[in-house]
Amino acid sequence: MDTQVIGHRTPRVDGEFKLTGQADYTVDWQVRDMLYGYPVPASIAHGTLKTLHLDTARAMPGVVDIFHHGHFPELYRASKSQVSEMRLPFEDERIHYDGQYIALVVAESFEQARAAAHAVQADYDQEDGARTSLLDTDKEGQLLESEGVSRGDPEKAFDKAPVTIDHTYDIAAESHMQMEMHATLAEWRDERLIVHESSQGVVYQHKAMARIFGLPEESVEVVSHYIGSGFGNKLFMWPHAVATAGAAQMLGRPVKTILPRQQDMESGGNRPASRQRLRLGAKQDGTLLSIRHDSTTETSFVHPYVDSLGSATPSLYACDNVAISQRLLEVNHGTPCPMRAPGETSGIHALETALDELAVELGMDPLELRRRNYAKNDPASGLPWSSKHLDDCYTNAAKRFGWEKRNPTPGAMRDGDEIIGWGMATACWPAMRLSCSARVELRDDGSVMAACGTQDIGTGTYTIVAQTVAELSGVSLKDIEVRLGESTLPAGPLSGGSMVTATALPAVAAALRNAFDALKKVATGENGAFEGSDPDNLEIEAGALVDKQGKRVSFGEILSQQKLGSVSGEGQAAPGDEKNQYSFRSFGAHFVEVRWDPGISRLRVARVVSSIDIGRAINPSTARNQVEGSIVMGIGMALTEKLDYDPRDGRLINNNYADYIVPCHADMPEIDVELPDNPDYILNEFGARGVGEIGLTGIAAAIGNAVYHATGKRIREFPITLEKVMDI
Ligand code: MOS
């Protein structure tokens, strides 16, 4: 498809709103008579709440009410797929993790609510035996039949393989550390509940809220116009939102709750810690004979969240004998949830580290090992790929990086005091598409409005929807209004799984085409600009209808002439039978240079070259930005990020930006991202596959592999903090 706007770098259409402070994030909303909620977290991880001492807090200035187990509406539980945490707030007095809400203080100001929340005292019956980490217990966890995969005879193939490796990799729990913390503003108008929530899925959250409050779905509205990112922890509703809506209902006044960073980290989701055993068997030439990938992940005692660690492994490399297993172990922490490329970020990390170990064992170049096992079809299903150009990603990124100059001996490459390490890994993430609806309005002032009940979590969805309208209508971007983030709009997808682009744009296009049909009907009808013409002879060109004789009339004039404010079209789009005929995944490759200065124990990522094939990038600017952001996140995962839970009582120790170490500007390497343009027209008419998550897969493994190449030390407990590399 030859395009004018799609595939071209486009500044964010909402950039001006963000820069000028006009973008309305949840915390910015003010409504008349609004109160502020502030949750009180439990200070034990395991036991029962005995007594709440509320008198001091109640007497403090501005305090209106305090909600808790004995003082809260009766609600219904939602199903486990609808919410992040099934247990309702204040449901009973059992405490399952430090940070679980035991009360919500509501006051006239945020500061008053916060001060009073700190004055609430609680007595507990604390119980022994809190399980504080998967990584320090012998407990095995429950085997999940649903996660199991087996093909061939991996055990026999492993026993016969001339070269094998068998290692266990531990990854610490991580925090999303999204900029904008969880927040809710709940307002009841008559029997209608209106919720402003920083949400990655307004349509899903409005259904969950309706279920929990026993309301018809049309009585609940969820709004999320702007989101300061989420990375997965805003996909499904958390208890703070339910607590806030319940308080607002009982008080008959709107209540706004903004989680402080500490509570956001304790009880607003995390990537669960994992332990993975990888057993690989290969021939001397590198051909994989057997892959066994056995994982355990954590969840909380109040919600069975499964991070599917083995889901990419059966598809990534050609191998006849594969077995995947996963176990789930409950711990006394806040509930984990999806975090950017959930499951596969951890799973591919272990697999790509294990492959590097196998390459060392074989004395083979790690890139060559991956090429040797290239999967031409999806080995899991036997289906052809809708589009796969991973071989080009390997070739291009290796060339840009200079991989052919790599000396395979660890520690052999030096630059002054620094030892240079080079590592690589494969990236992979599914290319998903769901069904979606949208509405488009053509207006008499020549502008176009497109609306869809999905949302822009900072990734650039407003812009790509506007680009799609501009491409197909010829109307310029400045005359296009995009409305997202309202559950009352035509139903759109979660902003998760990197599926919005592939899912929403075809629906917007369908709605736009229906709006064009409505416009043509107006134009060819009585007194219309093209009265009596055959609508099929009219073409769309630069915001106008044009007939075969070259007569052109703009959309706006056509409508004005008929005294119509607008015409609109609704559209639906869904994947068809192609989903049974092809396997849809995106692939890419990361190459990383680290520098290790043993004299001063400094370890830095110096350079990253990535080639990520996402089909057609609708907006190469925001698409590249997504991969760059993923690389930054991968540096944190590889080297610094780790939620530290106190082994004595399960309390999160580093519950703030000072103690939980994320990479900062000074840590940034040179980042070179290539997005090869290989449109995937089997997935959708625009050839786009989505880009939010794939960049994070493989990057931390590539960094770890580079650290091995620099230092000769294989660290299998992530993050690779300095003390693990130092000779102490
Ligand atoms: Mo992503 S973890 O699906 O928001």
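Modeller: A salt bridge is counted where a side-chain nitrogen of Lys or Arg lies within 4 Å of a carboxyl oxygen of Asp or Glu. In this predicted model, D415, E418, E593, R595, R602 and R607 are linked in a network of such bridges. The general idea is that side chains of opposite charge can pair when their charged atoms come close.

D672 forms a salt bridge with R400, and the closest N and O atoms are 2.8 Å apart. This pair links distant parts of the chain, since D672 belongs to strand β28 (residues 670-674) and R400 to helix α11, 272 residues apart. D672 has a relative accessible area of 25%, so it counts as partly exposed. R400 is likewise partly exposed, with a relative accessible area of 42%.

A pair of aromatic rings is described by the distance of the centres and the angle of the planes. The model has 13 aromatic pairs by the rule applied. One of them joins F401 and F591, whose ring centres are 5.9 Å apart and whose planes make an angle of 35 degrees, a tilted arrangement. Because F401 lies in helix α11 (residues 390-401) and F591 in strand β26 (residues 585-597), the pair ties together parts that are 190 residues apart in sequence. F401 and F591 are both buried. The two rings also belong to a cluster, in which ring pairs link F401, W403, W422 and F591.

D55 and R58 form a salt bridge whose closest N and O atoms are 3.9 Å apart. Both residues lie in helix α2 (residues 55-58), three residues apart, which is about one turn of the helix. D55 counts as exposed because its relative accessible area is 60%, whereas R58, at 43%, counts as partly exposed. The other bridge joins the side chains of D14 and K18, with an N to O distance of 3.5 Å. Here D14 is buried, because its relative accessibility is 2%. K18 has a relative accessible area of 29% and is therefore partly exposed.

A charged side chain may also be placed over an aromatic ring. The charged end of K388 sits over the ring of Y374, at 4.3 Å from the ring centre. In a second case, R714 lies over the face of Y708, 4.1 Å from the centre of the ring.

To review the part examined: the bridge of D672 with R400 links distant parts of the chain, and the pair of F401 and F591 ties together parts 190 residues apart in sequence. The network named at the outset links D415, E418, E593, R595, R602 and R607.

Technical notes: Residues are numbered from 1 along each chain as its sequence is written. This is a predicted model: local features need pLDDT of at least 70, side-chain atom pairs count only at pLDDT 80 or more; totals for chains, interfaces and linings use all residues. Side-chain values use heavy atoms; hydrogens and water are left out. Rings of Phe, Tyr and Trp (its six-membered ring) pair if their centres lie within 6.5 Å; planes under 30 degrees apart count as stacked, over 60 as edge-to-face and the rest as tilted. Helices (H or I, at least four residues) and strands (E, at least two) are DSSP runs, numbered from the N terminus. Buried means under 20% relative accessible area, exposed over 50%, partly exposed in between (1.4 Å probe, protein chains only). A charge sits over a ring if NZ of Lys or CZ of Arg is within 6 Å of the ring centre and within 35 degrees of the ring normal.
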